[in-house]
2 protein chains.
Amino acid sequence: MAVDVQNTAIILMNPQMGENIGAAARIMKNFSYHDLRVINPKCGWPSEKAEAMSAGAKDVVENARLCNSLEEALEDIDYVFAATVRKRDMIKPAINSTDLSNHYPQDRKVAILFGGERCGLSNSELSIADKIVTIVSNEECSSLNLAQSVAVLCYELQRESVQGIELGDKIDVAPKAEMLGMLKHLEQELDRINFYREHNKRDSMLDNITNMFTRTGWTDQEIRTFRGIIRSLSQY
Amino acid sequence: MAVDVQNTAIILMNPQMGENIGAAARIMKNFSYHDLRVINPKCGWPSEKAEAMSAGAKDVVENARLCNSLEEALEDIDYVFAATVRKRDMIKPAINSTDLSNHYPQDRKVAILFGGERCGLSNSELSIADKIVTIVSNEECSSLNLAQSVAVLCYELQRESVQGIELGDKIDVAPKAEMLGMLKHLEQELDRINFYREHNKRDSMLDNITNMFTRTGWTDQEIRTFRGIIRSLSQY
């Protein structure tokens with residue numbers, strides 16, 4: 001499924017704390033979202049606390065659309081996910097957050113709607129949404145902080161697009177010959193200091209040592225470092 | 001992969017703000033983690049701000065282990081993921097957060113280590129970790145808030161365990177006969193008010209109307225509501 005993160009709007013309905021708006025803006029920018037809409041923020045607007053908390057995402061706060069009503073915020077939106085727990089008294093399809101990408105409508109302008117810190121979304125606000133999306137949580141402590149809910153759903157939605165991303169070069173494990181050379185070096189030193197007190201155990205102990213160092217996955221440089229250690233110890 | 005969320009420790013190294021410790025504790029409890037360890041918090045300890053921000057997870061803050069060093073925090077830990085961006089100058093396996101469950105070691109006591117707000121983890125702290133885990137983010141704004149990083153990784157790790165969870169009963173779509181009865185009712189009323197001005201279009205228009213209402217997926221109750229609307233309108 002192609003999820004258009006950059007084009008997905010995040011709508012905060014009646015948020016109370018500027019800190020949460022700022023934290024939401026920051027995580028949005030962390031994950032390449034930029035379309036923030038704020039309906040009747042109780043903290044006033046513009047909000048110094050929102051700007052301070054947004055850190056490197058001040059532009060998301062500054063460019064946020066301030067709206068007077070949900071209808072105004074949804075003016076250009078085709079499809080709305082409401083972030084809330086499943087309401088048993090409302091006939092509305094509800095999905096687990098882990099299925100969000102699978103349910104993301106194609107070629108539509110999508111918004112995710114979050115309620116305020118204290119009361120969440122009212123039934124009349126929810127009735128406008130196309131689907132409910134729920135973050136499954138511990139029943140003993142099920143209510144997520146507003147900015148944390150935004151973080152989880154923004155992360156989830158862009159999750160598939162980053163899933164294949166490799167984080168850089170693999171570790172450049174030294175060629176086998178380097179490791180075997182190092183082991184030969186070690187073996188000679190161990191023989192020299194008469195490490196194997198019981199000579200009949202020498203070969204099986206050497207096998208164990210070989211196995212132990214083979215598993216390290218050391219690079220050329222690390223092997224050189226260890227040879228330096230052997231050399232220093234044996235000279236000492 | 002079996003991920004033992006309840007047994008996974010979250011370690012915060014030199015956190016500065018009590019608010020972030022509290023928010024981390026809250027999201028931990030939201031996702032059923034409880035083992036929090038705090039190394040040299042700059043906000044002092046106990047921290048009122050941490051307790052206030054933890055909301056329903058005050059017990060996680062109160063039971064947090066206060067440590068003087070990373071070594072102390074890792075005393076009973078077998079395997080450490082360090083949450084940071086990939087360090088190109090360090091030979092350390094790095095994984096994308098989306099692969100966290102796949103790399104979770106079985107039958108080991110696991111910790112996820114997070115650095116402080118300002119400087120993250122130092123190279124010497126990182127060198128103790130078994131793997132680096134990175135949350136892929138926007139290069140223009142790559143630094144996540146501490147509590148948001150905790151939220152994302154705690155969510156990711158318990159993601160698979162909640163993936164199959166159904167959120168409740170499916171919508172109980174009415175039997176076909178109810179819908180057909182409603183459509184018959186509507187058809188009679190439309191005939192009565194001479195809705196189809198051009199009579200030769202009546203049948204194709206009725207097909208369209210049938211299709212339109214069939215797609216609603218209405219329940220018994222919703223069909224009764226609509227029949228009530230038809231009745232009221234026609235009496236009016």
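**Questions on a predicted model**

User: This model is predicted. Where in chain B does B:Asn96 lie?

Analyst: The structure is a prediction, and this answer is read from its coordinates. B:Asn96 belongs to a strand of chain B, covering residues 94-96. That strand is E5.

User: Is B:Asn96 buried or exposed?

Analyst: Buried means under 20% relative accessible area. B:Asn96 has a relative accessible area of 1%. B:Asn96 is therefore buried.

User: Which residues of chain A are in contact with B:Asn96?

Analyst: Set aside the neighbours within four places in sequence. In chain B, the contacts are then B:Val133, B:Thr134 and B:Val136. The C-alpha atom of B:Val136 is 6.8 Å from that of B:Asn96, although they are 40 residues apart along the chain. In chain A, the contacts are A:Val162, A:Gln163, A:Ile165 and A:Leu167.

User: How are H7(A) and H8(A) set to each other, parallel, antiparallel, perpendicular or oblique?

Analyst: H7 spans residues 176-192 of chain A, and H8 spans residues 202-214 of chain A. They pack at about 140 degrees, with axes 11 Å apart. Roughly antiparallel needs an angle over 145, and roughly perpendicular means 65 to 115. H7(A) and H8(A) are therefore oblique.

User: How many nonpolar residues are in the contact of H7(A) with H8(A)?

Analyst: H7(A) brings residues including A:Met179, A:Leu183 and A:Leu186, while H8(A) brings A:Leu206, A:Ile209 and A:Phe213 among them. The contact also has two polar and four charged residues. The nonpolar residues number eight.

User: What separates the centres of domain 1 and domain 2 of chain A?

Analyst: Domain 1 covers 5-162, and domain 2 covers 176-235. Their centres are taken over C-alpha atoms. The separation is 58 Å.

User: Which residue of chain A is joined to A:Pro46 by a cis peptide bond?

Analyst: Most peptide bonds are trans. A:Pro46 sits in the loop between strand E2 (35-39) and helix H2 (48-54) of chain A. The cis bond there has omega of about 0 degrees. The partner is A:Trp45.

User: What is phi of A:Asp107 near?

Analyst: Most residues other than glycine have a negative phi. A:Asp107 is not glycine, yet its phi is positive. A:Asp107 lies in the loop between strand E5 (94-96) and strand E6 (110-114) of chain A. Its phi is near 55 degrees.

User: Is B:Asp107 buried or exposed?

Analyst: B:Asp107 is in the loop between E5 and strand E6 (110-114) of chain B. Exposed means over 50% relative accessible area. B:Asp107 has 80%, so B:Asp107 is exposed.

Key: Residues are numbered from 1 along each chain as its sequence is written. Chains are lettered from A and ligands numbered from 1 in the order in which they are written. This is a predicted model: local features need pLDDT of at least 70, side-chain atom pairs count only at pLDDT 80 or more; totals for chains, interfaces and linings use all residues. Side-chain values use heavy atoms; hydrogens and water are left out. Axes are lines fitted to C-alpha atoms, for helices over the stretch in contact, and angles run from 0 to 180 degrees between N-to-C directions. Helices (H or I, at least four residues) and strands (E, at least two) are DSSP runs, numbered from the N terminus. Angles under 35 degrees count as roughly parallel, over 145 as roughly antiparallel, 65 to 115 as roughly perpendicular and the rest as oblique. Contact means heavy atoms within 4.5 Å. Ala, Val, Leu, Ile, Met, Phe, Trp, Tyr, Cys and Pro count as nonpolar, Asp, Glu, Lys and Arg as charged, and the others, Gly among them, as polar. Domain bounds come from an automatic or database domain assignment. Buried means under 20% relative accessible area, exposed over 50%, partly exposed in between (1.4 Å probe, protein chains only).
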